[in-house]
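Here are my notes on this one, written as numbered points. Keep the structure open beside you and find each part as you read.

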Amino acid sequence: MENRLLIFSGPSGSGKTTIVHHLLKVFPDLVFSVSATTRSRRPNEKEGRDYHFLAEEDFLSRIKNHAFVEWEEVYEGVYYGTLKSEIEKIFSMGKIPVFDIDVKGGLNIRKKYSSSALAVI
């Protein structure tokens, strides 16, 4: 069976996070795809649960090595992206990755995975 992806994208405050959290509780085959970022970790955030927190140099090195499915510099020096390894890890578990991502990132993932991706934008 072909691997599938489920992408929820929209502007901040559109409710996508609420929908994703509900789906993750109800459907055990869904796994949240954790994005990478260079921004500082907030007090309540946990590495590997909320984000993969990377130094800017590490992030830029991974860009050069094509380690991201998609990435973007959202603010000067602040990068966000989806690691290919994160998606492959979820696929290797026989699960479906779920994305809570901005519209541009969602469209880029949709382009790369085309018919395998269900996008709610």
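**Notes on the fold**

1. Start with the inside. The largest nonpolar core has 10 residues in all: Leu 5, Ile 7, Val 69, Ile 87, Phe 91, Phe 99, Ile 101, Ile 109, Tyr 113 and Ala 117. A nonpolar core here is a set of buried Ala, Val, Leu, Ile, Met, Phe, Trp, Tyr and Cys residues joined through side-chain atoms within 4.5 Å; buried means under 20% relative accessible area, with a 1.4 Å probe and protein chains only. β1 (5-9), α3 (84-92), β7 (96-101) and α4 (103-113) each give two or more residues to this core. Helices (H or I, at least four residues) and strands (E, at least two) are DSSP runs, numbered from the N terminus.

2. A word on where this comes from. It's a predicted model, where local features need pLDDT of at least 70 and side-chain atom pairs count only at pLDDT 80 or more, while totals for chains, interfaces and linings use all residues. Residues are numbered from 1 along each chain as its sequence is written, and side-chain values use heavy atoms, with hydrogens and water left out.

3. Now pick out Ile 109. Setting aside neighbours within four places in sequence, Ile 109 is in contact (heavy atoms within 4.5 Å) with Leu 5, Ile 7, Val 69, Glu 70, Thr 82, Phe 99 and Ile 101. There's also a second, separate core of seven residues, including Phe 59, Ile 63, Phe 68 and Tyr 79.

4. Next, the sheet. Four strands run in the order β2-β7-β1-β8, forming an open sheet with parallel pairing; two strands pair if DSSP finds at least two bridges between them. At the edges sit β2 (30-32) and β8 (117-120), each pairing on one side only. β1 and β8 share four bridges in the parallel sense, and Phe 8 stands opposite Val 120 in β8.

5. Is Ser 116 buried or exposed? This residue is in the loop between α4 and β8, and it counts as buried because its relative accessibility is 10%. Leaving out neighbours within four places in sequence, Ser 116 touches Glu 2, Asn 3, Arg 4 and Leu 5.

Definitions and conventions: Buried < 20%, exposed > 50% of the residue type's maximum accessible area, 1.4 Å probe, protein only.
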